[in-house]
Amino acid sequence: MAAATHNQLSNNSVEIPIHANDNIMDSKHCQRIEEGDNVDYFQRAQWLRAAVLGANDGLVSVASLMMGVGSVKEDIKPMLLAGFAGLFAGACSMAIGEFVSVYTQRDIEVAQIKRENSMKVGGENEEEREKENLPNPFQAAFASAFAFSVGAVMPLLAAAFIKPHKVRLGVLVLVASLALVVFGIVGAVLGKTPKVKSSLRVLVGGWMAMAITFGLTKLIVSDGLQM
């Protein structure tokens, strides 16, 4: 009986830690999955927020340019020409800036990955996996240019088919204002900030940019610069 009891206790002592380890491994595995999902969602939110900001830049830049030209020219062609020029220049500038920024960040992170994996066994395989997760500069450049263009095309479409000068300027301001409010709300949702305060901040900033461009352009022309 003593030998049987001893064997039974030995078997129990072996089985208990095995199940405990399995539970620990399962919990750690689930935790890693959850952490991976959180990181993935966070990165998506960051990309979406950057896209909203890029579209906002395109909208404000092109609308301000068109308001500036519209302050001294009643013809629709100069306004549209300035708007398209702003769209092309802004999209190229955003793409180049984003490409350089992301590529520089990628180089820094690659160097850091190499330093961390240089002393590890099997570090080369892990290094390749980590490199695959780094942001792509070409994708970032395209996304930035595309987001800017989406915002920039809105004031162009708003003014393209309206001939009366004052009505055209009014519609341009109205469409730009509505779009700014939407961008502000979307940015607040993604950034988890107050929606009203965020949308008002974006709206007032856009109004200031359009008003300053309108006023200064008109002032320059009135001081003797002929167009």
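How much of the chain over residues 202–221 is helix and how much is strand, and how far apart are the end C-alpha atoms? Over residues 202–221 the chain is 100% helix and 0% strand, with 29 Å between the end C-alpha atoms.

The legends below describe a predicted model, in which local features need pLDDT of at least 70, side-chain atom pairs count only at pLDDT 80 or more, and totals for chains, interfaces and linings use all residues. Residues are numbered from 1 along each chain as its sequence is written, and side-chain values use heavy atoms, with hydrogens and water left out.

**View 1. The whole protein has 6 helices and 0 strands.** Along the sequence the pattern reads α-α-α-α-α-α. Helices (H or I, at least four residues) and strands (E, at least two) are DSSP runs, numbered from the N terminus. Of the 227 residues, 29% count as buried (buried is under 20% relative accessible area, exposed over 50%, partly exposed in between; 1.4 Å probe, protein chains only).

**View 2. Segments annotated as "transmembrane region" in UniProt.** The unreviewed UniProt entry places this annotation on residues 79–97, 140–162, 169–190 and 202–221; UniProt positions are given in the numbering used here, feature names are shortened, and annotations may be inferred rather than shown by experiment. Residues 79–97 are 100% helix and 0% strand, and their end C-alpha atoms lie 26 Å apart.

**View 3. Helix H2 (residues 76–117) against helix H4 (residues 137–159).** Their axes come within 7 Å and cross at roughly 160°. Axes are lines fitted to C-alpha atoms, for helices over the stretch in contact, and angles run from 0 to 180 degrees between N-to-C directions. H2 and H4 are therefore roughly antiparallel (angles over 145 degrees; under 35 is roughly parallel, 65 to 115 roughly perpendicular, the rest oblique). The contact residues of H2 with H4 comprise 20 nonpolar, 5 polar and 2 charged (Ala, Val, Leu, Ile, Met, Phe, Trp, Tyr, Cys and Pro count as nonpolar, Asp, Glu, Lys and Arg as charged, and the others, Gly among them, as polar).

**View 4. H4 against helix H5 (residues 165–191).** The axes of H4 and H5 are 8 Å apart, at an angle of about 150°. That makes H4 roughly antiparallel to H5. Residues in the contact include Met154 and Pro155 of H4, and Arg168 and Phe183 of H5 (contact means heavy atoms within 4.5 Å). The contact of H4 with H5 has 9 nonpolar, no polar and 1 charged residues.

**View 5. Ser64 in helix H1 (residues 2–70).** Ser64 is buried, with a relative accessible area of 6%. Leaving aside neighbours within four places in sequence, Ser64 contacts Ala209, Met210 and Thr213.
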